[in-house]
Amino acid sequence: MGTAGIKKALVKNAENIRSYGSHTFVELNETSASFTAYLDETCLGRNTANPRKTMAEVKWLLVRQHIWLNYKKLYPDLGKNDFFNKLTSELSATDYSILSGNDLNFTRSLLITNNSGSNLGAIHILMPYTNFPEYEIGNIFVVALGAPKILYAQFTFPKHGYIPLENQEKRAAYGQTVEAVVYTHLLPDWRKSLMKFEFEVELINKGEVVSKSGLKFMVHGGDYHYNNKAIVRFLIDAEWQKKHEDKNKDEEFYLRIKGNEAFSAPTFASPDTIYNSGAYDSQADTADWTRMEDGKWVYDSSRVLLVPYDTFAELMSGFEVQKNEMIQYIGDIEYEYKEYDPCGYKKIKIKSEDRQRYIFDEDQVETQKIDETSEYFAIIAGDTAKEVVITIENLQQPPNFICTGVLLKKDEQHDSWEKVFQMGNVQPAEHRSTGYQTVEDKSDPTHQNDRDVYASKTKAPSKNVASSQMLQLDVNYFKEGENGIKLKLPFKPVVHLEIERKKDCPFD
């Protein structure tokens with residue numbers, strides 16, 4: 001260890017102390033808002049040359065844990081002193097503090113300034129040092145807590161934006177599906193292990209609710225996860241363009257959310273049990289939220305979504321409009337948890353040259369995102385067509401497995417490659433303002449409460465998918481075994497391949 005013999009730090013005058021591995025962890029709230037951090041001789045190595053001087057002149061680095069770890073990933077080979085210099089030279093002065101002196105009076109106000117909620121629930125490290133701090137010693141971990149609340153609900157944007165050629169981070173087009181993130185503080189609280197947070201998000205345009213997410217819930221992410229997040233998706237229905245007031249102005253969409261705590265399992269609850277609730281309106285918020293990526297704070301979310309009039313038609317010369325209408329017709333049915341679907345598959349893999357990525361895996365643990373099928377897989381094309389292979393793993397089809405033929409014509413089943421990889425006219429699912437509609441599947445009485453989407457009663461089958469994508473069988477798309485499809489994508493400045501997952505329907 002290289003901090004002049006400092007091996008650990010101690011805490012006193014603290015009410016809420018937890019064990020955090022071999023470290024001390026302090027929770028600060030509005031009623032217990034301070035503690036004393038200090039060194040004594042037990043904190044020093046036995047070969048420390050001048051213990052009194054080391055204790056009296058100790059300095060403390062205060063920094064978010066995730067910032068330190070983010071920089072460690074960026075600069076894994078730097079020595080400890082060089083790493084410390086790199087960290088403090090590149091970070092803004094608001095991202096860390098250097099304090100000094102033994103018997104340090106540490107207050108919650110060092111974390112929460114100007115009533116800002118940006119540090120609520122964010123774990124910080126208080127690191128004692130003489131020359132440079134070290135992560136490996138017995139540092140103090142500290143978190144500022146507040147009342148349970150929804151911190152924000154904002155639209156999130158892919159790296160190149162929803163409108164790739166413009167790269168306008170706050171804009172999307174009619175016919176596209178957009179994502180929004182809900183981020184909460186102590187909703188639910190991991191210290192109350194059986195609690196979940198039930199909520200519904202509304203999409204607002206001109207003060208009116210135009211779509212609802214349906215009832216969603218989130219569970220905490222595990223021990224010491226004071227903040228939690230969930231992803232919801234909304235289709236910006238192409239029909240809404242008919243109500244676009246001014247062709248020269250973008251329509252503005254906002255998010256409104258309400259929710260309450262509930263028990264996640266049958267529980268005997270005291271009549272005095274307090275169920276926390278939360279509400280948030282992105283139109284009334286003025287804060288910009290960021291996240292750290294590769295050592296930089298990134299703005300990739302917004303409280304408002306701007307939708308221009310017919311921009312896709314102008315930018316993509318009609319072709320992209322048809323392609324995104326296919327996405328709308330095929331659907332964006334979010335797969336949130338593992339279900340019982342005999343006819344189906346477990347994973348989707350995309351491979352392009354030396355790159356590959358799993359975008360769907362229903363066997364991932366609950367705390368991970370299992371469905372990334374609405375995210376972009378960017379392919380930068382050169383002078384020749386790019387080969388992309390999409391494989392669905394552990395494919396289960398009739399006659400060996402029960403198939404109810406979801407979103408197929410009457411009496412059809414997913415019993416062939418063409419029925420699995422539908423490149424013709426696709427039957428859309430029933431979608432209303434509350435989301436995709438489902439009915440109970442009673443085909444297997446041993447699995448109750450299994451629900452499937454069903455074909456729309458108002459929309460005809462889509463246009464031909466292959467034609468809209470300008471693809472032709474055995475010319476630029478090919479069978480790749482019984483569970484795969486190979487695409488030879490023609491040259492475009494940027495091609496975005498978007499794939500959707502539907503429940504109990506192998507692949508459309």
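View 1. E27 is buried, with a relative accessible area of 4%. Buried means under 20% relative accessible area, exposed over 50% and partly exposed in between (1.4 Å probe, protein chains only). The model is predicted: local features need pLDDT of at least 70, side-chain atom pairs count only at pLDDT 80 or more, and totals for chains, interfaces and linings use all residues. Residues are numbered from 1 along each chain as its sequence is written, and side-chain values use heavy atoms, with hydrogens and water left out. E27 sits in strand β3, residues 23-28. Helices (H or I, at least four residues) and strands (E, at least two) are DSSP runs, numbered from the N terminus.

**View 2. Polar partners of the E27 side chain.** Which side chains make a polar contact with the side chain of E27? One is R18, at 2.7 Å. Another is R191, at 3.0 Å. A polar contact is a pair of N or O atoms within 3.5 Å; within protein, one must be able to donate a hydrogen and the other to accept it, and residues adjacent in sequence count only if both atoms are side-chain atoms.

**View 3. Surroundings of E27.** Contact means heavy atoms within 4.5 Å. Leaving aside neighbours within four places in sequence, E27 is in contact with N16, R18, S32, V143, L145, W190, R191 and Y226.

**View 4. Strand β4 and its pairing strands.** Strand β4 spans residues 34-38, and four of its five residues are buried. Two strands pair if DSSP finds at least two bridges between them. Strand β1 (residues 10-12) pairs with β4 in the antiparallel sense over three bridges. There, V11 has A37 of β4 as its bridge partner. Strand β7 (residues 104-107) also runs antiparallel to β4, joined by four bridges. T36 has N105 of β7 as its bridge partner.

**View 5. Nonpolar cores.** A nonpolar core is a set of buried Ala, Val, Leu, Ile, Met, Phe, Trp, Tyr and Cys residues joined through side-chain atoms within 4.5 Å. The largest has 58 residues, and F35, W60 and L126 have the most contacts inside it. Strand β10 (residues 149-156) gives the most to this core: five residues. A second, separate core has 25 residues, including Y129, F132, F141 and L145.

**View 6. The whole protein, for context.** The protein contains seven helices and 32 strands. Of its 508 residues, 50% count as buried. Among contacts with a separation of 6 or more, 73% join residues 24 or more positions apart.
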